[in-house]
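Subject: Handover of a structure

Dear colleague,

Please find the structure below, together with an account of what was found in it.

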Amino acid sequence: MSFLPFPEYKFPELRDITGDFLIEKGVELLMLDLDNTVAPYGAETPSEPVLRWAESVRAAGVGLYIISNSRKEGRVKAFAQALGVPYILRAKKPSPRKPREAMRALNVKPENAVLAGDQIYTDVLSAKLAGVTPILVKPIKLSNPLLALRYVLEAPFRRLRSR
Ligand SMILES: [Mg+2]
């Protein structure tokens, strides 16, 4: 696996990552970025469709784990509780440390884990460094101009895949 931050898979949104797809790929653990992946910045609770999606993934036998760079404990915790999944905040992605911690806690090997997120330089890179398969989803909402600029800078990586 190359360490360049190319996503292995790309999906328009989180809900397109189905339990069937994950099982077919031998995935036991799906680690999730929170902001702009599970919900837009500022949202306080997951939407009904996202709740139903999380339930279906779990029913397929795949574990979920929120790995967020956010510092807002109350908010991250609220999402994790609503979805019924464990969480880590202040993850400092692209550091692979917290994804590794989550895998250790659940006794899942990197080759049986994926990390889904909307950003190349945090989520995809963190996945690569942790040895897990990165899945890139389109950001839910680009509300602020700095964030929009960041996505422009990431464009060359978004267009490509590692294979
Ligand atoms: Mg994000």
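Predicted model: local features only at pLDDT ≥ 70, side-chain atom pairs only at ≥ 80, totals over all residues.

How are the donor residues of the magnesium ion spaced in sequence? Their spacing is D-x1-D-x82-D.

Residues are numbered from 1 along each chain as its sequence is written, and side-chain values use heavy atoms, with hydrogens and water left out.

The metal site

The magnesium ion has as its protein donors Asp33 (OD), Asp35 (O) and Asp118 (OD), at 2.1 to 2.2 Å. Donors are N, O and S atoms within 2.8 Å of the metal (3.2 Å for Na, K and Ca); water is not among the atoms, so sites may look incomplete. Asp33 and Asp35 are both buried. Buried means under 20% relative accessible area, exposed means over 50%, and partly exposed lies in between (1.4 Å probe, protein chains only).

The chain as a whole

The protein chain holds six helices and six strands, and along the sequence they follow the pattern β-α-β-α-β-α-β-α-β-α-β-α. The radius of gyration is 14 Å, close to the 15 Å that the globule rule gives for 163 residues, so the protein chain is as compact as a globular protein of that length. That radius is taken over C-alpha atoms, and the globule rule is 2.2 Å times the number of residues to the power 0.38. Helices (H or I, at least four residues) and strands (E, at least two) are DSSP runs, numbered from the N terminus.

Along the principal axes, the C-alpha atoms of the protein chain fill a box of roughly 35 × 35 × 25 Å. Of the 163 residues, 48% are buried. Among contacts between residues at least 6 apart in sequence, 69% join residues at least 24 apart; contact means heavy atoms within 4.5 Å.

The buried residues include Ile120, Thr122, Asp123 and Val124. Among the elements that cover the buried residues of H5 are H4, S5, strand S6 (133–137) and H6.

How do H5 and H6 pack, in angle and in distance between their axes? Helix H5 (residues 120–130) and helix H6 (residues 145–159) pack at about 40°, and their axes are 10 Å apart. Axes are lines fitted to C-alpha atoms, for helices over the stretch in contact, and angles run from 0 to 180 degrees between N-to-C directions. In this contact, Ile120, Tyr121 and Thr122 of H5 meet Arg150, Leu153, Glu154, Phe157 and Arg158 of H6. The residues of the contact divide into four nonpolar, one polar and three charged. Here Ala, Val, Leu, Ile, Met, Phe, Trp, Tyr, Cys and Pro count as nonpolar, Asp, Glu, Lys and Arg as charged, and the others, Gly among them, as polar.

Gln119 sits in the loop between S5 and H5. Is Gln119 buried or exposed? Gln119 has a relative accessibility of 6% and counts as buried. Leaving aside residues up to four places away in sequence, Gln119 touches Tyr41, Val124, Leu136, Leu147, Arg150, Tyr151, Glu154 and Arg158. Just after H5, Gly131 takes a positive phi of about 80°.

Backbone features in the loops

The loop between strand S4 (87–88) and helix H4 (97–106) contains Pro94. A cis peptide bond joins Lys93 to Pro94, with omega at about 20°. Arg90 is found in the loop between S4 and H4 as well; its phi is near 45°, a positive value in a residue other than glycine. Arg90 is partly exposed, at 42% relative accessibility.

In the loop between H4 and strand S5 (113–117) lies Asn107. Asn107 is not a glycine, yet its phi is positive, about 60°. The relative accessible area of Asn107 is 72%, and this residue is exposed. Glu111 is also found in the loop between H4 and S5, and at 56% relative accessibility Glu111 counts as exposed. Glu111 and Gly26 are 85 residues apart in sequence and 8.3 Å apart in space, C-alpha to C-alpha.

A colleague
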